[in-house]
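Please read the following walk through a protein chain with its model open beside the text.

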Amino acid sequence: MEKFPLKGSREAAAEGNSYITAYQTVMKKSNGHTNGATGDSDGTFHDHPLAQHSKLTTSLTATAGTDEEDMIDITPRSSPGDVIGGGVGGGGGSSSGYHRETGTESDTEREFGHSGGHSQRTMHQHHHHQHVPTHSAFGDPMDGALSFYGSSDVQDDIPGIGQYEDFHTIDWQRDIARDRMRHRYIVKKRQDSLWDLIKGSIDAGSGWLCVLLVGIAAGCVAGMVDIGASWMSDLKHGICPPAFWFNREQCCYPAKQSVFEEGNCSTWKTWPEIFGLDRNGTGPYIVAYIWYVLWALLFASLSASLVRMFAPYACGSGIPEIKTILSGFIIRGYLGKWTLLIKSVGLMLSVSAGLTLGKEGPMVHIASCIGNIFSHVFPKYGRNEAKKREILSAAAAAGVSVAFGAPIGGVLFSLEEVSYYFPLKTLWRSFFCALIAAFVLRSLTPFGNEHSVLFFVEYNKPWIFFELIPFVFLGIMGGVIGTFFIKANLWWCRYRKFSKLGQYPVMEVLFVTLVTGIICYPNPFTRMNMNELIFLLVSKCSPGDVTNPLCEYKRMNITMGNSIIEVTEPGPGVYSSIWLLMLTFILKLALTIFTFGMKVPAGLFIPSLLLGAIMGRIVGIGVEQFAYSYPNIWFFTGECADSNLITPGLYAVVGAAAVLGGVTRMTVSLVVIMFELTGGVRYIVPLMAAAMASKWVGDALGRQGIYDAHIALNGYPFLDSKEEFAHTTLAADVMQPKRNETLNVITQDSMTVDDVENLLKETEHNGYPVVVSRENQYLVGFVLRRDLNLAIGEYLTVPQTRFFAINQRFSLPGNAKRLIEGISSSSIVLFTSTQPTQNLGPQPLKLKKILDMAPITVTDQTPMETVVDMFRKLGLRQTLVTHNGRLLGVITKKDVLRHVKQMDNEDPNTVLFN
């Protein structure tokens with residue numbers, strides 16, 4: 001459904017018009033795109049209901065167009081030989097003279113004013129001559145339109161008005177077609193000179209170069225976060241006097257002592273020892289307790305304060321928002337440089353505070369910020385929102401890759417869970433990006449072992465067929481626990497959102513930290529780092545292992561037939577550990593419900609894995625004892641020849657996968673992440689069985705995973721491509737306005753400038769259908785509110801100080817009335833090429849150039865199933881509804897989302913997002 005008839009030849013571009021100098025009257029497509037009337041006037045755009053209508057304009061292309069024969073020309077001529085100032089530099093780029101901070105480059109510029117060259121508020125004149133192809137949805141070349149021109153070269157990137165407003169949806173079709181046009185132009189230019197050939201080659205490889213840089217940066221940031229978090233976590237317990245920057249493991253490394261066995265490490269000093277007390281005893285215990293809580297409060301208050309003051313978007317895991325952004329929504333500043341910085345630092349602090357949260361989910365957000373920042377180095381991606389999302393998909397894969405040391409799992413996670421548009425090219429780039437990120441992280445070795453994975457398991461015993469029963473049971477339990485967690489967490493988040501509690505985010509964080517610290521210190525399992533506890537739970541008990549309390553078994557030999565089998569009977573340490581683990585499970589589940597959603601960076605992967613690992617280890621110990629108590633049951637026959645028949649650690653791995661699957665509803669990526677995480681390739685089938693059972697049970701108890709639930713809670717306009725629309729409504733049932741209401745339209749040749757201005761003041765729509773006449777409402781096209789504002793608006797929406805003089809003769813005006821002599825409030829606005837036969841009044845204002853003559857339309861009898869599919873797969877902003885060619889109404893994305901909610905018996909007003 002190509003909505004852009006292409007006129008890409010040099011001849012078409014040269015047809016009877018002037019070429020561009022530092023300013024122009026002839027609006028052209030720079031590399032297939034102008035930020036003005038042409039590029040943005042594709043009808044599927046800017047009518048998004050969530051738009052902030054107070055921002056009347058987003059582009060300054062005041063295209064008060066006139067036809068070729070009576071064009072009012074205000075520019076000098078230059079020769080057709082002038083070539084484009086930046087074939088590569090112009091990328092998918094904007095040739096509007098101005099980009100405001102809501103522009104495409106401004107994800108990184110918005111938050112605390114612009115930096116560097118972007119902070120300038122004044123305009124510079126540019127002397128890049130351009131020859132460009134025309135590319136328009138408007139039937140004829142863009143002759144005679146007025147456009148405020150600035151160079152599209154990278155070096156001269158001017159802050160100003162961009163393509164999309166904040167909280168608007170992007171137009172996938174238009175952006176992809178724009179990139180296709182840009183690509184055709186570059187391929188055509190390659191034959192002109194060696195320099196153009198080199199620029200074309202650089203452009204072709206820019207995607208790979210961009211993901212390479214993203215991968216390297218993601219690996220480095222993840223390494224720093226891991227190292228910082230482990231050092232600050234150990235700081236709660238003590239310090240390493242010989243080298244205070246060492247964590248406990250590095251401090252005790254020469255002695256090769258384990259983490260659990262801290263008593264024997266002479267170089268590591270606990271806080272009681274620093275104050276001259278013994279390591280053990282009541283007094284030292286109280287001192288250590290107090291220091292633990294104080295450090296936790298300090299870290300948590302720092303994290304919450306940084307988020308509140310500098311980057312409010314840095315809280316939470318970020319995955320629901322990343323999903324929404326990748327589906328084509330704009331949230332300015334969410335992927336900016338301040339968010340990246342505060343999220344990274346805040347994540348180290350909140351993990352170190354001992355809160356029940358993980359750093360894996362936020363790593364996806366951090367990597368996406370890096371992807372967004374690097375995409376601006378390459379205008380091909382930075383200035384084209386649809387192309388930028390290819391880089392963001394690859395960055396999300398790198399985020400999971402560095403979080404777990406699981407590159408393939410990261411690619412599958414990006415494909416299955418977060419990405420909306422995932423062509424094959426993006427799959428390869430995601431693979432490459434995840435590989436580079438994992439390689440860089442491996443060279444930094446923050447996991448402190450010879451493996452690049454988090455919880456490496458040493459056992460490789462085969463599992464027996466009977467064990468599938470407990471594995472599936474773990475899957476079912478995972479689904480139940482996951483659904484309970486989602487419902488409880490949503491209830492609490494909703495309460496926080498609509499009560500006074502939401503007004504005191506830092507106090508909430510401090511209170512939860514205080515409670516967490518006080519409750520968690522007495523229990524050795526809750527006191528230790530969650531990663532260490534998971535490693536303990538998935539580990540295998542080796543004979544003589546005294547450091548792990550879960551491995552206190554009595555060993556004895558029994559004779560079975562001709563063979564002697566070693567049987568292990570749990571000692572008192574195992575039983576006390578099981579009780580402590582049950583307590584840990586309840587505490588961690590409750591604390592995670594209250595922690596996830598607070599205003600600190602917080603992930604959900606590690607707490608979910610921990611809950612599952614505790615459940616799995618307890619079930620594993622039970623199955624192990626069952627096997628040793630009844631070794632002669634038929635399904636154990638012949639299997640018990642091996643002394644280590646049942647491995648409780650394997651059950652912990654399967655349980656961890658089951659709960660994580662129940663919470664997030666992942667399947668394929670979950671299994672791959674789990675076997676990459678543990679190195680247990682032999683256990684893929686148990687993991688698959690548990691993941692599938694968990695998803696089935698979870699879906700039966702509640703439709704949404706935690707991320708989709710939070711998207712719905714926040715009201716983001718996310719049209720899930722995985723869900724089916726199963727209702728039998730028609731387009732006529734959903735369109736606005738309803739049958740008895742009037743539709744706001746513009747006629748092609750009978751409304752005055754005053755009429756159009758009044759329409760703009762009285763209504764808040766972001767676009768208007770153009771029809772033949774009020775009595776004869778045959779559809780002519782679609783025009784954007786923004787372009788009308790620019791062409792005939794009374795006032796500028798940007799300060800006059802930002803304008804530069806196009807010539808010494810006059811300053812840059814804001815509207816057609818001031819620019820074109822003879823235009824007044826009573827001038828007729830024309831959207832046709834022909835003049836009205838009797839025009840005795842003032843000169844008409846010809847605006848055919850800003851009219852999209854190829855809007856997407858459906859008939860009133862089109863099933864909504866088809867309409868919803870069009871919105872999902874084509875990425876539409878709105879579609880017009882006709883009957884026998886006559887215009888009936890409009891369906892916007894908001895209408896579709898509300899209708900879907902209504903059909904599912906939910907509140908349709910929750911879709912409004914401000």
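In this predicted model, Phe-167 is buried, because its relative accessible area of 11% falls under the 20% limit. Phe-167 belongs to the loop that runs between β2 (134-135) and α3 (172-189), and its phi is positive, near 60°, although the residue is not a glycine. Most residues other than glycine have a negative phi, and most peptide bonds are trans. Asn-884 likewise has a positive phi, of about 50°, without being a glycine, and is placed in the loop between β14 (878-883) and β15 (886-892); Asn-884, however, counts as exposed, at 64% relative accessibility. A further backbone feature is the cis peptide bond that leads from Gln-736 to Pro-737, with omega near -5°, and Pro-737 is found in the loop between α25 (731-734) and β7 (746-747).

The aromatic rings give another view of the model, with a count of 26 aromatic pairs. One of them joins Trp-491 and Tyr-495, which are stacked at 6.3 Å centre to centre with 15° between the planes; these two residues are four apart in helix α15, and therefore separated by about one helical turn. Trp-491 is exposed at 53% relative accessibility, whereas Tyr-495, at 43%, is partly exposed. Elsewhere, ring pairs link Trp-271, Phe-275, Trp-291, Trp-295 and Phe-299 into a cluster. Charged side chains also meet rings: Arg-429 lies over the face of Trp-208, 5.6 Å from the ring centre, and Arg-527 lies over the face of Tyr-521, at 4.2 Å from the ring centre.

The last stop is the second largest pocket, which contains about 880 Å³ of space. Among the 31 residues that line this pocket, Cys-315, Glu-321, Lys-599, Asn-714 and Tyr-716 are the closest to its centre. Helices α7 (282-310), α8 (319-326), α15 (468-498), α16 (505-520) and α24 (706-714) each provide at least two residues of the lining, and the lining as a whole is made up of 17 nonpolar, eight polar and six charged residues.

Methods: Residues are numbered from 1 along each chain as its sequence is written. This is a predicted model: local features need pLDDT of at least 70, side-chain atom pairs count only at pLDDT 80 or more; totals for chains, interfaces and linings use all residues. Side-chain values use heavy atoms; hydrogens and water are left out. On a 1 Å grid over the protein atoms alone, a cavity is a set of points where a 1.4 Å probe fits but cannot get out, and a pocket is an open set with protein on both sides within 12 Å along at least five of seven lines; lining residues have an atom within 4 Å of a point. Grid points are joined across faces, edges and corners, and a volume is the space filled by probe spheres set on the points. Ala, Val, Leu, Ile, Met, Phe, Trp, Tyr, Cys and Pro count as nonpolar, Asp, Glu, Lys and Arg as charged, and the others, Gly among them, as polar. Rings of Phe, Tyr and Trp (its six-membered ring) pair if their centres lie within 6.5 Å; planes under 30 degrees apart count as stacked, over 60 as edge-to-face and the rest as tilted. Buried means under 20% relative accessible area, exposed over 50%, partly exposed in between (1.4 Å probe, protein chains only). A charge sits over a ring if NZ of Lys or CZ of Arg is within 6 Å of the ring centre and within 35 degrees of the ring normal.
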